[in-house]
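Take a look at the structure below. This report goes from the ligand and its surroundings to the packing of helices.

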Amino acid sequence: MTTPASFRPTPEAFDKLYRGEAAFEGAPPPTAIPWDVHQAQPRLMEVEALGGISGEVLDIGCGLGDNSIFLASRGHSVTGLDGSPAAIEEARRRAADAGVTVTFDVADATKLTGYDGRFDTVVDSALYHCLDEDGQQAYIAGLYRATRPGARLHLWCFSDGNVNGVIAPMGSIPESNLRDTLTANGWRIDFLGPTTYLGNALAFGGDREFPEALAEQMPPEAVEQMRAVTERFEKIAEFLDGDRVYLPFTVVHAHRVD
Ligand SMILES: C[S@@+](CC[C@H](N)C(=O)[O-])C[C@H]1O[C@@H](n2cnc3c(N)ncnc32)[C@H](O)[C@@H]1O
């Protein structure tokens, strides 16, 4: 199931979430930000250790900046861009606390201008699945312009698999969508397959009812998915390792065709 268009969080909804406010009408304020794990994603750290990051790096949809900060701590020159001013403020604070230099700025990934020919590696850690199909096309075309020939793209997004029974809270991206969008916009896929993404379990489940006012604004299949996620988290919460949980993702490693 792809995420219904009417339930894709807008950049404004993300900004509210980062400010600790309800992202949607009728939703409660967030208990935690689902992807805020105060560290870089383990799978990205592995890619870096294996030599997958080089040259000028763009971390697009960088959120609170932990991936960018990790890459900078490993000696890379990193630009982190996000649509949320609140996220960028906090990312700058975290970089200062970590004592590393990252260029953080607010930008809409679907209208990327001013970065033509700049980057050799692009990291997309959970941005692509936030965009609707037009947004995905505009975004991937923009990445082509923002990169140099041969640039590498590492993209992680929700899949419809499960990790020991844990399923994704939003709709997944079908493999065909990724293949079509990337190849149509000048990228060649070297690998596409299942992987995991570390999430903050405090943001899911608990003994909360899924708010009726929110459910009314969502397509039934999205409500069903969210309810299934909540139920599963309630059942497994006591067995989780701290507040961390692995979610089912797809990873794509691609390179820009000249
Ligand atoms: C699921 S979060 C992932 C954040 C971070 N990459 C991580 O893995 O922790 C998605 C991020 O994409 C950002 N985002 C969503 N739509 C965007 C857009 N059109 N342009 C730029 N950033 C966007 C959100 O503000 C949010 O920070």
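## The shell around the ligand

This is a predicted model.

The shell holds 19 residues. Which of them come nearest to the ligand? They are Tyr 18, Gly 61, Asp 82, Ser 125 and Tyr 197.

Look at the side chain of Tyr 18. One of its N or O atoms is 2.5 Å from an oxygen atom of the ligand. For the side chain of Ser 125, the distance from an N or O atom to a ligand oxygen is 2.7 Å. The side chain of Tyr 197 has an N or O atom 2.8 Å from an oxygen atom of the ligand.

How much of the ligand's accessible area does the protein cover? On its own, the ligand has 590 Å² of accessible area, and the protein covers 95% of that.

## Helices H5 and H6

Helix H5 spans residues 133-146, and helix H6 spans residues 175-184. Their axes come within 9 Å and cross at roughly 40 degrees. H5 is therefore oblique to H6. The crossing of H5 past H6 is right-handed.

## Helices H2 and H3

Now turn to helix H2 (residues 42-49) and helix H3 (residues 66-73). Their axes are 11 Å apart, and the two helices pack at an angle of about 25 degrees. Angles under 35 degrees count as roughly parallel, so H2 is roughly parallel to H3. H2 passes H3 in a right-handed crossing.

Note on methods
Residues are numbered from 1 along each chain as its sequence is written. This is a predicted model: local features need pLDDT of at least 70, side-chain atom pairs count only at pLDDT 80 or more; totals for chains, interfaces and linings use all residues. Side-chain values use heavy atoms; hydrogens and water are left out. A residue is near a molecule or strand if one of its heavy atoms lies within 4 Å of it. A polar contact is a pair of N or O atoms within 3.5 Å; within protein, one must be able to donate a hydrogen and the other to accept it, and residues adjacent in sequence count only if both atoms are side-chain atoms. Accessible areas come from the Shrake-Rupley method with a 1.4 Å probe; for residues, only the protein chains shown count as cover. Axes are lines fitted to C-alpha atoms, for helices over the stretch in contact, and angles run from 0 to 180 degrees between N-to-C directions. Helices (H or I, at least four residues) and strands (E, at least two) are DSSP runs, numbered from the N terminus. Angles under 35 degrees count as roughly parallel, over 145 as roughly antiparallel, 65 to 115 as roughly perpendicular and the rest as oblique. A crossing is left-handed if the near helix is turned anticlockwise from the far one by less than a right angle, and right-handed if clockwise.
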